[in-house]
Amino acid sequence: MLYGRTAEQAVLAALVTEARAAHGGALVVRGQPGVGKSALLADLADDTRGIRVLRAQGVESESPLAFAALQRFLSPVMDGVSYLPDPQAHALRAAFGEAEHVGGGRFLVFMAALSLLSDVARSSPVLGLVDDAHWLDDASAAALLFVARRLQAEPIALVFGAREGDLRRFEADDLPELRVEGLEREAVRDLLADQTGGPVPNEVADRLRAQTGGNPLALVEMPATLSSEQLAGQAALPRDLPLTRGIERLYVDRYRRLSALPKGSCWSPLPTTPAGSTWSCVARPLWAPGGTTSGRWRWPSCSPCMGHGSSCNIPWSGRRSTGPRPAPSAVRCTEPWLQP
Ligand SMILES: Nc1ncnc2c1ncn2[C@@H]1O[C@H](COP(=O)(O)OP(=O)(O)OP(=O)(O)O)[C@@H](O)[C@H]1O
Ligand SMILES: [Mg+2]
């Protein structure tokens, strides 16, 4: 069940309605981790009567493999390749390792992908869902973008889900974008009521919304870390909300990748005890809008847990300051901190 998101659902539904009428198009659903991009894509796929749904997902481990995602996306319709013009059919098969390369370049592969989808769409409209597009291999991303820009007269809708603020970005600025933000007040209250099995007092819901930025992932996981008295507003909420498993996973993931931080900002790692770890404290700097696009800071290797994936219990939190860089003595860290 999705709470809030009426406006987002309407935008996505309109894209599909247009595609049914042979006015195809593409849309990039962009937002921060856990904000509900995949949930929106899944919701869209819920009612696809009479539509052929094709899916692909960017996968980090496959991002060095040219055309890995495109192969997955097109595999259910590869039977149709034999009806393509020979050079295109051959190029597509070669791209997927099913034929020898004979030259012709990527253009033929891109054209083959477009022709194939166009052929499929003759028998029923097509909805393509490409999630985690920031992890697409470059060749697949280029092919899918090539297709996305040529859908105007096709009964095809292509929807990409992509994280913002991650180090790797799905570059598709010429495509229309649907930006997904934290949930509104009412939606937060409904979601919390659903999670806890009953209404949560408004002041508790508002405080949780303020501390999570309305991030659904955090709101889904947070109630399990609080007592029923806290959720009922009969006991004070902790000053710092606890780090939940899903949120922790996101941060470990991000810490592993973090190599560039914005110019003019200053980040300091501060040791915290597990009890003192707060996801809101960790979250703000890492999720700051436009936060990791430039700069040459390297995260120090002072956290022994980095690289241990989700099994790691993060002993660090980050704090961003746009003021002057604090003296090293002010940083309670036994190791070197930010290295230019
Ligand atoms: N509007 C919503 N109402 C209720 N639950 C939601 C809503 N949006 C998202 N969720 C839930 O929040 C969690 C995170 O959502 P989701 O996986 O879609 O985030 P995401 O933006 O795709 O994150 P990531 O960038 O990590 O892929 C999921 O459990 C999802 O079911
Ligand atoms: Mg997702």
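Start at glycine 31, which stands opposite valine 180 in strand 5. This is a predicted model, in which local features need pLDDT of at least 70, side-chain atom pairs count only at pLDDT 80 or more, and totals for chains, interfaces and linings use all residues. Residues are numbered from 1 along each chain as its sequence is written, while chains are lettered from A and ligands numbered from 1 in the order in which they are written.

**Stop 1**

Select residues 25–31, which form strand 1. Strands (E, at least two residues) and helices (H or I, at least four) are DSSP runs, numbered from the N terminus. Two strands pair if DSSP finds at least two bridges between them. Click leucine 27 to find its bridge partner in strand 4, valine 159.

Is strand 1 enclosed or open? Seven of its seven residues are buried, so the strand is largely enclosed by the rest of the structure. Buried means 20 or more other C-beta atoms within 10 Å of a residue's own; exposed means 12 or fewer, and partly exposed lies in between, with C-beta atoms placed from the backbone. Show the side chains. Gly25, Leu27, Val29 and Gly31 point one way, and Ala26, Val28 and Arg30 the other way.

**Stop 2: ligand 1**

Select ligand 1 and its shell of 17 residues. A residue is near the ligand if its C-beta atom, placed from the backbone, lies within 6 Å. The closest are Gly36, Lys37, Ser38, Ala39 and Pro216. Colour helix 2 (37–44) and helix 9 (216–221): each supplies at least two shell residues. By class, the shell has nine nonpolar, five polar and three charged residues. Nonpolar covers Ala, Val, Leu, Ile, Met, Phe, Trp, Tyr, Cys and Pro; charged covers Asp, Glu, Lys and Arg; the others, Gly among them, are polar.

Colour by domain next, with bounds from an automatic or database domain assignment. Domain 1 (6–180) and domain 2 (185–231) both give residues to the shell, so ligand 1 lies between them.

**Stop 3: serine 115**

Jump to helix 5, residues 105–123, which holds serine 115. With 19 C-beta neighbours inside 10 Å, serine 115 counts as partly exposed. Valine 81 is 34 residues away from serine 115 in sequence, and 9.0 Å away C-alpha to C-alpha.

**Zoom out**

Show the whole protein chain: 12 helices and seven strands. Buried residues make up 40% of its 340 residues.
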